[in-house]
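Hi,

Here is the structure I promised to send over.

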Amino acid sequence: MKEMSLIKNEKLSSIFSIEIAEILNEEIQNENNEKFLVTLIKVCITHDMNLIKVYISIYPSLNKKILEIIRSRSRFYRKLLSKRLRYRVKKIPKLDFRVSIKD
């Protein structure tokens, strides 16, 4: 039974990562005139499906302003995600954007 939940979690995280990456690409580029790149590194879903931790990197340098814009718009991104996945996923978890720390 545990293996089934892990498989389901992996499938959901891959679906969410594709859609979140597309949403970030479309929405961030439309907002600012600055030249930067936001890359989705990893998506982690909690076991109770209440939270998605989205790890991103911002190129050329970490800009706190861009990160705050992304975090402040997380509810809007969740709404867009809900519209895109309405027939595939029942519950859309909250989004928590974090900066990926390089090793």
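Let's start with the surface: the chain exposes about 7,400 Å², and carbon and sulfur atoms supply 52% of that. Accessible areas here come from the Shrake-Rupley method with a 1.4 Å probe, and for residues only the protein chains shown count as cover.

Before you go further, please note that this is a predicted model: local features need pLDDT of at least 70, side-chain atom pairs count only at pLDDT 80 or more, and totals for chains, interfaces and linings use all residues. Residues are numbered from 1 along each chain as its sequence is written, and side-chain values use heavy atoms, with hydrogens and water left out.

Now the overall layout. The chain has three helices and three strands, and along the sequence they follow the pattern α-β-β-α-α-β. Helices (H or I, at least four residues) and strands (E, at least two) are DSSP runs, numbered from the N terminus. Of the 103 residues in the chain, 35% are buried. Buried means under 20% relative accessible area, exposed means over 50%, and partly exposed is in between (1.4 Å probe, protein chains only). Take the contacts in the chain with a separation of 6 or more: residues 24 or more positions apart account for 63% of them. A contact means heavy atoms within 4.5 Å.

Next, the salt bridges. Side chains of opposite charge can pair when their charged atoms come close. The cut-off used is a side-chain nitrogen of Lys or Arg within 4 Å of a carboxyl oxygen of Asp or Glu. With that rule, a search of the whole structure finds seven.

One of them joins Glu19 and Arg88 at 3.3 Å, N to O. Glu19 lies in helix α1 and Arg88 in the loop between α3 and β3, so this pair ties together parts that are 69 residues apart in sequence. Besides its neighbours within four places in sequence, Glu19 is in contact with Leu81, Arg84, Leu85 and Arg88.

Arg84 also has a salt bridge, with Glu26, and their closest N and O atoms are 2.8 Å apart. That pair links distant parts of the chain, with Arg84 in helix α3 and Glu26 in helix α1, 58 residues apart. Glu19, Glu22, Glu26, Arg84 and Arg88 are linked in a network of salt bridges. Elsewhere, Arg98 and Asp96 form a salt bridge with their closest N and O atoms 2.7 Å apart.

Now for the strands. Leu37 is in strand β1 (residues 37–45) and is partly exposed, at 44% relative accessibility. Leaving aside neighbours within four places in sequence, Leu37 touches Ser57, Ile58 and Tyr59. The C-alpha atoms of Leu37 and Pro60 are 7.2 Å apart, although 23 residues separate the two along the chain.

Most residues other than glycine have a negative phi. Met49, in the loop between β1 and β2 (51–59), has a positive phi near 60°. Met49 also counts as buried, at 19% relative accessibility.

Cheers
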